[in-house]
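Morning, everyone. I'll take you through one structure today. Please have the sequence and the 3D view open.

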Amino acid sequence: MNMLKQRETLLACSIIVLVCLVGLRSPVFVSAASLSNLLTDSTLLTMLALTQMLVIVTRGVDLSVASNLALSGMMAALLASRHPALPLVTVVLAATAIGLVLGLVNGWLIGYLELPPIVVTLGTMSVYRGLVFVLSGGAWVSSHQMPQDFIAFPLTRFLGITHLVWIAAVAVLAAWFIARHSRFGRDLYAVGNAPSCARYVGIPMARRLLWTYGLSGAMAGLCGFLWVARYAVAYTEIAYGFEFTVIAACVIGGISIAGGTGSVTGAVLGALFLAVIGNALPVVQVSPFWQSALTGLVILAAVLINARDAKHAGRQILPLHLLQRGAA
Amino acid sequence: MNSSTANMTSTHSSRYTILDRPGFRPYALLGKWETLLALLFVAAFLVNGILVPNFLDPYNLADGTFNFSEKALIALPMALLIICREIDISVSGILALCSVALGLANTHGVPPALLLPVALAAGTACGLLNGVLVTRFALPSIVVTIGTVSLFRGLASVVLGDKAFTGYPQLMADWGQGYFFDVIPREFVVLLAFAALFAVVLHATRWGRRIYAIGNNPVAARFAGIEVDRYRLVLFMLTGAMAGLAAYLLTGRIGSTRPNIAMGWELEVITMVILGGVSIAGGAGTIGGVLLAVLTLGTVTYGLSLANVPGIYMTIVIGLLLLVTIAVPRLLRGRKVAK
Amino acid sequence: GCGDKAAAPADGKIRIAMVVKSLGNGFFDAAHTGANEAAAQLKDVEIIYTGPTTPSAEGQIEIVNSLISQKVNAIVISANDPNALVPIAKKAMQRGIKVVSFDSGLAPEGRLMQLNPSSARLIGRKQLEMASSAIGGAGEIAILSASAQATNQNLWIDVMKSELAKPEFAKLKLVATVYGDDQSDKSYREAQGLLRSYPNLKAIIAPTTVGINAAGKAVVDEKLVGKVYVTGLGLPSEMAGHVKSGAVKEFAIWNPIDLGYAATYAAYDFVKGRPDARAGGKVDAGRMGSIAIDAKGEAAMAEPFTYNASNVDQFSKIF
Amino acid sequence: MAATLHDPAAPGTPPHTSASGLAPAPVLQLTGIGKRFAGIVALNKVALSVSAGEVMALIGENGAGKSTLVKTLTGIYQPDEGSILLGGQSVTFANAQDAMAAGITAVHQESVMFDELTVAENIYVGRHPVKGGRVDWARVEQEAAQLFARLEVALPVRAKVKDLSVAQRHFVEIARALSQRARVVILDEPTAALSQREIQELYRIVRQLRAAGTAIIFITHKFDEIFAVADRYTVLRDGQYVSSGSIADVTEADLVALMVGRAVHQAYPKADVTPGPMVLEVENFCHPTEFDGVSFQLRRGEILGFYGLVGAGRSEVMQALFGLSPQARGAVKLDGAPVRIGCAAEAIRHGIAYVPEDRQHQGAHLTMPILHNITLPILDRIGFFLRGRRAEESAVARHYSEQLELKASHLCQHVAELSGGNQQKVVLGKWLATNPKVIILDEPTKGIDIGSKAAVHRFIGQLVGQGLAVILVSSELPEVLGLADRIVVMHQGRVQREFSRFEATPENVVAAASGCSPDENAAVPEAV
Ligand SMILES: Nc1ncnc2c1ncn2[C@@H]1O[C@H](COP(=O)(O)OP(=O)(O)OP(=O)(O)O)[C@@H](O)[C@H]1O
Ligand SMILES: Nc1ncnc2c1ncn2[C@@H]1O[C@H](COP(=O)(O)OP(=O)(O)OP(=O)(O)O)[C@@H](O)[C@H]1O
Ligand SMILES: [Mg+2]
Ligand SMILES: [Mg+2]
């Protein structure tokens, strides 16, 4: 427990240090407007990282999130552009529902057919991405085809804070509740810790996996709508390769690919960390050709810091004699 | 050996008889993944042969192998890695960096004959980095290679910027897109040769046996005196080297290097391996299966592209193929009883 | 020319394959329309429209490979990489297939002719002119390109840089060139970065459709409409919204329909072995008249057309 | 105390007054249970019945089908045929939850633990109490603490399970089974990982439960335990019901005969070998956290017993000796020459073999064939190319399988398909096949049935006769006392005392293991 906290503190500190370093080089980066922008910008990644974290906790991985996002986003855009009179809520719900269904397909294959998650989501990743093209006929949906309220929604401010941030905040709270305080979430940790043992204690593993991937899908659907509305354009290639960014965020946040551990704080910090890098690189005026290499280096550094920490935590055998004395 | 055989003479007869092998069960043979793949391959081949004009032309078939040979070359060591419970997402990044190394060497006047060693060395070095990070720091390989893929590709783009390397020697073009006897593509021959080599190593030597043992239970493997980390390190380096070889062939084939060369290949390579029946949980899989998967995928996609089905439909087909091939056996067998 | 080894299909039609950078791109869909129009006029032509999923040279190579196997008569291609496709294009030509590149060209040894939508100089210059007129001739400008590997983008950027040295653009100052990798989120972030790091920035030139869209959106979101102008290359159907919002005053694009139409005609001429179809000659391009081919095998169509609030709605219905 | 352990008056259960007296109607009655796996008949028409307030010993050889029966009773497997009557009503369990809801819980042979979760959560995992839509953590911790208090086991409920020792984990599993107020509690080899002292604790708990009217099925291979706690017995052989009856009416020999179908010599056949020259000398072996200043010597033809409570650090010393612990320091001499052993491969080359205690994780490659498991450490000897060496491999594997009376159908069978005890035999065979000078056996007969145990002991005896030196780490006192020439007793990472065969008595060995120095060994401080 303590160790976990330490690791997250470490990550939080490195984020602050990073922000300060960038701020030293280009002071605009630490202006209030810029930081609030950074927050807004990190939301989609954060939200996806939250549900991805739940998936990774079960020893799975959802590679299909980005394709799912593109498909639901495209469907939302088509829906909104073809039926401009439709209330926005309907569009949002439709996108989420589509995402949910796509996620449940993954969940069914993984939970009920007991197929390996990486294989299933690798397959659905291609299928969903292909479907975006098929359903849209390969055409773009551009800003002038989308209703005004559709485009405006993500960045509209409520109490001075954008909708995106509000939604992300609600998602973080919900994920925290699920992970810490719901039976569903606790079962996921158990499944991830020892999948073969889960059935011995009566955890309905198939059902849990079904809904975990469903949740990941629904979140991808919601983010699909937000993404399309935010950037005011939908086409086949949106968020191409974003699944790896999401997984990288989780990994940086200390969520173990081996399952069973990981916290909401970790996922959020991991996403923030990547968002800071993504926002800082354009501002610090390093050569664009260096960006990818730097990102790689920073990810490796973060992972190494995590690993070093894990080593310190180590396996320590509890002083059994003390306990025995206590018992006697 | 001698003394243990001596022991054996004092055989004490057990209460149980243990057969050497299971009785012959044709049913078990049918249930094998390779059989399934072979059937799929034959079916795809027949359907294409009947429905797609030009498919059965031997020259076309030969040309069709160019589309997958380099990827399949990387799939071979990747199969070993996955059997060993590791994975390398960074192969396409390594390939790009090796291609850049080739370009640099070529522009600095390294003789054509020495270019292949340059590519192999660069690949091995990248693999070494992955391997050291994984073994020395006990990090999960998927995590490490998600980081290194962007590092390697990033370095390629640092060197190249918005330029490209071109003007590769004829020797490379000959290997990249030349033929033996004007019909058999050299790349394909290289692939078959390496597939045979890998199959022998994995299935007929003690190295292979140990790789399976590590994938099956790394802790027990360490307890059985296998230097698990050394095997892992070598496999990462091997994967790097094979990516270097693929870089040599690909660069020869397309005659130019840009940082985005082979973008996204890692997923195609992993798809080949998984479709080939290599268990992502480690410890199971065969080179034969991987080769069959490569050929099946090659046949299907080549047939589709001859029918001018757009690439994006092909991704759907490949995705479905992957899902169907793993789901159907499970559905047929019914739910497995877990231990 | 050389003898026609490619076997004609059963129905005797000439098959021309149009290989584009990637499918699902409005620009190439419009070019496809043009090609179909030409095919309808030529009567004995069948168009195969194809391209990879993502804009990669390897994907195009696979496609060209299968086209060679299909023994099409001609390939009209917009290349993702000018060099990487040369070997396969050469192989196609050895097998008697006529290769013509359009839009984004192949290196000379890999094609019979390159049909430029316009000349690189004109395109580069046009974008500078639009930027200059939007900001009153003076101020800081920045370029938001696709990826660092995009050939024609790089060509135009080079032109812009050299044109900037000329006196008429002396007051324009290019402060940065950034790359958005043709991803909306990255382009948007890069545009935002530009706006933030260069408070005096007046214009962003984005010679790519994803980029110009993202830059337009970023300017609107940062509430800088009227202070910073976005210009560059885009399709009317995709840009109409940004013109209305005021973030974009003018943008340019050549007519992709005409481009596809002319490229098809050119390929047809080569297949038919017309004597003029050679470097230094000319090709007949139906309703477009005849197009001259220079000594390097390149031909250029007209100057890019400019769109603004007055005409964008009209064209957005077409492409 | 006993009566407060739990309230058995679950709905529908008649309250029991006492454990003794005439047997009431059985709580649980099985008839004609059958279960087969891909051609293997694991259970064939098995019958069993237990009454409330009764301890039923379920015994049988390795692979007799005991664990399979447990799994069919707890909803993990579904029987192919037969019926389960619970409280007189026919029930079927689709999953573990159904069985728990019906009041049947089990401590399985395999560890069912969730390492990253806390002790408290491990007890309630899968059925967290929920209040107002959220998990009631206060209640989880409070009830877990109460449970341990009643069991008189001190465990910090907030510690993560991964930080616990094997024995402590076992108590967590027992606590989980008890927390469910079950009518039937099944314990599948609960004592295999426990030392003498903890076994006594377990007996106490079992007696408490019995007094409270719970029906208990107790599976074990140790006969003293059967006579210590059980009221009745049921014997299975090869998946079939053999007989059942009251413990009071049988002797150990009767039970053995029922189990095995023939007589077994239970004596510990330590051949009288005069110890030869020194093979192994360990001097001041240290490890930063696990052990300190361990020294001992071993001669050819000698069996050196290592005894201690679970957690005394014996396994760590042995693993370090085998080159698996890079942090360990100290001088090791083999045949008089100092050696440095940096990895297991070197140890094997020096002729040391180590049979680990945790067969599932450290010993067996579960989804590999028996053949490949056995030949894994000797591949260097067999050759680089293994194709064409199949006959040699088979010969080795067959030899050791037969010596150890392995029950398997063929050599290509996956180890996962074998019963627990037979898996242990494969691991043992694999290390014997290295033909070592020194073999370290860490709990070698853990989970092995009595007939096979005799076979293992006999085989060890034979090898010693041929000059092998053996280190026997065992928590089974009779085994150590019966087999070892000398006994090293460890306590908290240090050597507490060394006994010769003649000095050692159960009393002084156990006293030393609990930390008494030699002079005060008459006064055993804690109840053992
Ligand atoms: N999942 C399985 N697949 C195939 N066979 C199995 C499986 N589980 C058990 N068996 C077989 O069923 C038989 C009974 O095994 P079981 O584990 O019930 O034995 P056991 O009596 O508990 O033995 P032990 O005392 O060694 O624990 C064995 O022959 C075993 O090989
Ligand atoms: N905190 C822990 N985390 C993980 N594994 C542990 C822990 N404590 C003990 N173990 C495992 O349990 C086994 C028992 O070791 P421990 O040190 O408790 O007792 P021991 O004296 O070595 O063993 P024994 O007395 O059973 O022979 C060891 O092999 C070790 O791997
Ligand atoms: Mg058992
Ligand atoms: Mg131990």
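Let's start at D:His410, which sits in the loop between helix H14 (390-403) and H15 of chain D. Keep in mind that this is a predicted model. Is D:His410 buried or exposed? It is buried, because its relative accessible area is 12%, and the cut-off for buried is under 20%. What lies 3.2 Å from a polar atom of the D:His410 side chain? The backbone nitrogen of D:Cys412 does.

Next, the metal. Ligand 3 is a magnesium ion. Which residues coordinate the magnesium ion? D:Ser67 does, through OG, and D:Gln109 does, through OE1. The distances run from 1.9 to 2.0 Å. Now find those two residues in the chain. D:Ser67 is in helix H1 (residues 66-73) of chain D. D:Gln109 is in the loop between strand E6 (104-107) and helix H3 (119-124) of chain D. The pair therefore ties together parts that are 42 residues apart in sequence.

How covered are they? D:Ser67 is buried, with a relative accessible area of 17%. D:Gln109 comes out at 23%, so it counts as partly exposed.

On to ligand 1. How many residues are around ligand 1? There are 19, and D:Gly63, D:Ser67, D:Thr68, D:Glu417 and D:Gly421 come nearest.

Now some contacts with oxygen atoms of ligand 1. A polar backbone atom of D:Glu417 is 2.5 Å from one oxygen atom of the ligand. For a polar backbone atom of D:Gly421, the distance to an oxygen atom of ligand 1 is 2.8 Å. D:Glu189 uses its side chain, with an N or O atom 3.4 Å from an oxygen atom of ligand 1. Taken alone, ligand 1 exposes 640 Å², and the protein buries 89% of that.

Which elements give two or more residues to the shell around ligand 1? They are H1 and helix H15 (420-432) of chain D. H1(D) supplies the largest share, 3 residues. By class, that shell has 5 nonpolar, 10 polar and 4 charged residues. Step back to the domains. Domain 1 (26-263) and domain 2 (277-514) of chain D each give at least three residues to the shell around ligand 1.

Last stop, ligand 2. It is surrounded by 21 residues, and the closest are D:Lys162, D:Gly311, D:Arg314, D:Glu316 and D:Glu357. Why is the site of ligand 2 shared between chains? Because the residues surrounding ligand 2 come from chains A and D.

Look at the oxygen atoms of ligand 2. A polar side-chain atom of D:Glu357 lies 2.7 Å from one. The side chain of D:Glu316 has an N or O atom 2.8 Å from an oxygen atom of ligand 2. D:Ser315 uses its backbone, with an N or O atom 2.8 Å from an oxygen atom of ligand 2. Alone, ligand 2 exposes 600 Å², of which the protein buries 91%.

Helix H9 (residues 314-321) of chain D gives the most to this shell, 4 residues. The shell around ligand 2 has 7 nonpolar, 6 polar and 8 charged residues. And where does ligand 2 lie relative to domain 1 (26-263) and domain 2 (277-514) of chain D? Both domains give residues to its shell, so ligand 2 lies between them.

Key
Residues numbered from 1 in each chain as written. Chains lettered and ligands numbered in written order. Predicted model: local features only at pLDDT ≥ 70, side-chain atom pairs only at ≥ 80, totals over all residues. Heavy atoms only, no water. Near = heavy atom within 4 Å. Polar contact = N/O pair within 3.5 Å; in protein donor to acceptor, adjacent residues only side chain to side chain. Areas by Shrake-Rupley, 256 points an atom, 1.4 Å probe, with all protein chains shown as cover. Nonpolar A, V, L, I, M, F, W, Y, C, P; charged D, E, K, R; others polar. Domains from an automatic or database assignment. Donors = N, O, S within 2.8 Å, 3.2 Å for Na, K, Ca; no water. Buried < 20%, exposed > 50% of the residue type's maximum accessible area, 1.4 Å probe, protein only.
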